[in-house]
Amino acid sequence: MERDLTPDWILKQTLNLQQTALMSFLKEKENAMGGKEESSEGLTLTVLGCGTMGIAILGGILDSLSSSRSQQPDTAVQDEPRRLPSRFNACVRSLKSAERIKRELGQYEAFKHLTIHQNSNVKPTQEADIIILGCKPHMVRGVLRADGMQKAVKGKLVISICAGLTEEQIVEFLPSATHCTVVRALPNTAAAVRESMTVIATSPTAPLDPDTDALMTWIFTRIGRVARMPSANMDACTALCGSGPAFIALIVESMAAGAIAMGIPRDDAYLMAAQTARGMTQLILTGGEGGKAEHPAILRDKVSTPGGCTIGGLLVLEEAGVRGTLAKAVREATVVAGLLGEGKGGVNGTRSDGVGAWE
């Protein structure tokens, strides 16, 4: 039996009805979510003063956008922002800095969406939805008060990665009529290898909306892990996460020096010490039950066999007060960070007695 075919006009009408029903459903869903219009258009991110840290942040983002598989760590944002950065501006002063950006970021496919601006801040800021202040802290006032800049930042997200500058100080550089969202973030030097510990300052009186908060997390999980702390704790975070890498480098160097003294070749000693430190930090982060964090003291005890060499070495460290000295170094760096944030100079030369005691 020959089968009757459905006329083309009926098929087209059916498809149109299906399409209309789908659009109606999506519209109703959008209204149920508060009427927020979803946009597939990406955001524009501008870095003012794109030096080492700016390059590291852009590198993490470009790598993530260029890669077909997720490169983000296990602390990645669960709810991605509705819109992600897709266009980028890097602002620098010198040709040498511009060439460095091309050299270090040109390997990524998404580099084609990045424009380098030399001695030009206003136009890329006007184009931006997100602005990262990456210049030297003493330059921020001049950058934000340049002709056209105050209008250019109006209504935008301004992320400061400038050490020592508070949100309040940055807002003071702008007129009261300039309404923008200023957020302070503190990445550290390990951003260069995507292992930064970035601390984002929070404010109980002016919390970020969920989408902006998710966007902040997305940006900084491209270069490592993210934590949030009240603004009042940022000096301590500067000491722990900003100065901490130097303290750890000194510990690794000291351990290697002991091995070198006992006959281990220099390069091998540095490799062994560095990998030992790396392995232990990973155990602290994920060595607990179910892949959870483990307390350092528990891990220390696990390798301290009674009557063994480890406990003997640990007792030497305890007798020398290494634990207290390292803790004091963090406390000292916290005090110095606070004084530098107040604009005081020469603070490391005014030490008297005890942390926080100043002449």
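**View 1. Arg194 sits in the loop that links β6 and β7.** Strands here are DSSP runs of E with at least two residues, helices are runs of H or I with at least four, and both are numbered from the N terminus. This is a predicted model, in which local features need pLDDT of at least 70, side-chain atom pairs count only at pLDDT 80 or more, and totals for chains, interfaces and linings use all residues. Residues are numbered from 1 along each chain as its sequence is written, and side-chain values use heavy atoms, with hydrogens and water left out. Though not a glycine, Arg194 has a positive phi of about 60°. Its relative accessibility of 26% makes Arg194 partly exposed (buried is under 20%, exposed over 50%, partly exposed in between; 1.4 Å probe, protein chains only).

**View 2. Asn119 belongs to the loop between β3 and α4 (122-127).** Here is another non-glycine residue with a positive phi, about 55° for Asn119. Asn119 is exposed, at 59% relative accessible area.

**View 3. Eight strands form an open sheet with mixed pairing.** The strand order is β3-β2-β1-β4-β5-β6-β7-β8, where pairing requires at least two DSSP bridges between two strands. At the edges, β3 (114-118) and β8 (224-230) each pair on one side only. From one strand to the next, the twist averages 25° (axes are lines fitted to C-alpha atoms, for helices over the stretch in contact; angles between N-to-C directions run from 0 to 180 degrees).

**View 4. Helix α3 (residues 95-105) packs on the sheet and touches β2 and β3.** Contact means heavy atoms within 4.5 Å. The direction of α3 makes about 165° with that of β3. Strands β2 (residues 85-92) and β3 run parallel, joined by five bridges.
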